[in-house]
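Trainee: I have a model open on my screen and would like to learn how to read it. Could we go through it together, feature by feature?

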Amino acid sequence: MNLLDFVKLDELQNMQDLFASATGLAAVIVDREGNFVTQPSNYTDFCMNYTRQSSLGAKRCARCDAEGKGAYFCHAGLMEFSEPIMVEDEHLGNIIGGQALTGEPDIAKFEQMAEELDLPKEEYIEALGKVAIRSEESIRAAANLLQEMVNMLVNSHYALEKEKEKLSVLSEKVADVIDDSQQIVTKAASLEKISYKQNILSLNASIESARAGDAGRGFAIVAKQIGELTRDSSEIYSSIMKDADAIRVSATKLDEIFKS
């Protein structure tokens with residue numbers, strides 16, 4: 001099961017973009033393998049065009065991406081988050097982002113980091129100056145809110161898709177009931193014709209036994225019993241046809257509802 005099996009990409013992207021615009025935090029949705037599902041929103045130059053462009057920085061970032069859960073501080077000192085997307089206890093991906101400072105940065109510390117990562121110091125500090133500053137509490141709250149919103153969207157679409165599947169199966173079963181009931185009516189009609197012929201034979205047998213007199217008395221008793229069975233069978237066949245036709249009518253109405 002994959003996210004885009006039942007939820008539209010543009011809905012996820014729009015929700016993510018609105019979140020990033022409202023909070024100033026970075027955000028992106030990835031699948032269970034870590035591949036981007038949406039396009040990143042509000043990602044910083046500090047992270048994407050500098051820290052992650054360093055081979056050492058990229059390794060450290062990859063480790064943070066793999067190990068980070070909930071809201072956490074990355075190796076570069078920024079606060080980030082990674083929240084799961086779950087459907088029926090199945091992990092479909094994560095909402096990751098943040099890329100914010102929780103207070104005024106220690107410039108000397110980041111200059112030292114630029115040297116470690118072999119990055120141009122002035123450009124790195126300039127990019128740092130564009131990073132949003134938010135309280136730790138607000139970042140955690142925003143991450144929780146985005147997780148709730150995305151999971152609610154995903155699970156509501158999943159539930160609708162499951163209901164569509166159930167209705168489709170039910171519609172197929174209704175069609176089967178219509179076909180089966182029609183076959184019952186057809187077969188019952190054939191049996192009723194046989195019952196009619198049996199009744200004629202019973203009458204003929206009664207006439208012949210009357211002509212035979214005492215010699216045909218035993219045969220007359222059998223003919224009478226056959227006639228009674230034939231009449232009972234005819235009543236049963238008629239009842240079956242009525243019930244089957246009632247089922248067919250009800251099933252047809254249900255089928256019309258599904259198709260409307």
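Trainee: Let's start with contacts. What share of the contacts with a separation of 6 or more is between residues 24 or more positions apart?

Mentor: Keep in mind that this is a predicted model. Contacts can be sorted by how far apart the two residues lie along the sequence. Here, residues 24 or more positions apart account for 63% of the contacts with a separation of 6 or more.

Trainee: And how many helices and strands does the chain have?

Mentor: Seven helices and four strands. Along the sequence they follow the pattern α-β-α-α-β-β-β-α-α-α-α. As for burial, 35% of the 260 residues are buried.

Trainee: What does β3 do on its other pairing, with β4?

Mentor: β3 pairs with strand β4 (residues 90-100) over eight bridges, again in the antiparallel sense. Here you can look for Val87, whose bridge partner in β4 is Glu90.

Trainee: Is β3 largely enclosed or largely open, and why?

Mentor: Count its buried residues. Seven of the nine residues of β3 (residues 79-87) are buried, so the strand is largely enclosed by the rest of the structure.

Trainee: You mentioned phi. Which sign should I expect?

Mentor: Most residues other than glycine have a negative phi. That makes a positive value in another residue something to look up. Glu88 is such a case: not a glycine, yet with a positive phi of about 50°. Glu88 sits in the loop between β3 and β4.

Trainee: Which other residue has a positive phi without being glycine?

Mentor: Gln99, with phi near 55°. Glu88 is in a loop and is exposed, with a relative accessible area of 59%. Gln99 is in strand β4 and counts as buried, at 3% relative accessibility. The cut-off for buried is under 20%, and for exposed it is over 50%.

Trainee: Now the helices. Which residues of α5 are buried?

Mentor: For a helix, list the buried residues and then look down the axis to see where they point. In α5 (residues 121-128) the buried ones are Tyr124, Ile125, Ala127 and Leu128. Seen down the axis, they fall within an arc of 160°, so they line one face of the helix. Glu122 and Glu126, on the other side of α5, are exposed.

Trainee: What do the buried residues of α5 pack against?

Mentor: They pack against α2 (45-50) and α4 (107-116).

Trainee: How do I find empty space in a model?

Mentor: Rolling a probe the size of a water molecule over the atoms shows where empty space is left. The largest pocket here has a volume of about 300 Å³. Eighteen residues line this pocket, with Val30, Gly34, Arg52, Asp65 and Ile96 nearest its centre. The elements that give two or more residues to the lining are β1 (26-31), β3 and β4. The largest share, five residues, comes from β4. By type, the pocket lining divides into seven nonpolar, six polar and five charged residues.

Trainee: And which residues line the largest cavity?

Mentor: Cys47, Thr51, Arg52, Cys61, Cys64, Cys74, His75, Ala76 and Glu80. Its volume is about 40 Å³. That lining divides into five nonpolar, two polar and two charged residues.

Note on methods: Residues numbered from 1 in each chain as written. Predicted model: local features only at pLDDT ≥ 70, side-chain atom pairs only at ≥ 80, totals over all residues. Heavy atoms only, no water. Buried < 20%, exposed > 50% of the residue type's maximum accessible area, 1.4 Å probe, protein only. Pairing = 2+ DSSP bridges. Arc of directions from axis to C-beta. Contact = heavy atoms within 4.5 Å. 1 Å grid on protein atoms, 1.4 Å probe; cavity = no way out; pocket = protein on both sides within 12 Å on 5 of 7 lines; lining within 4 Å. Points joined across faces, edges and corners; volume = space filled by probe spheres on them. Nonpolar A, V, L, I, M, F, W, Y, C, P; charged D, E, K, R; others polar.
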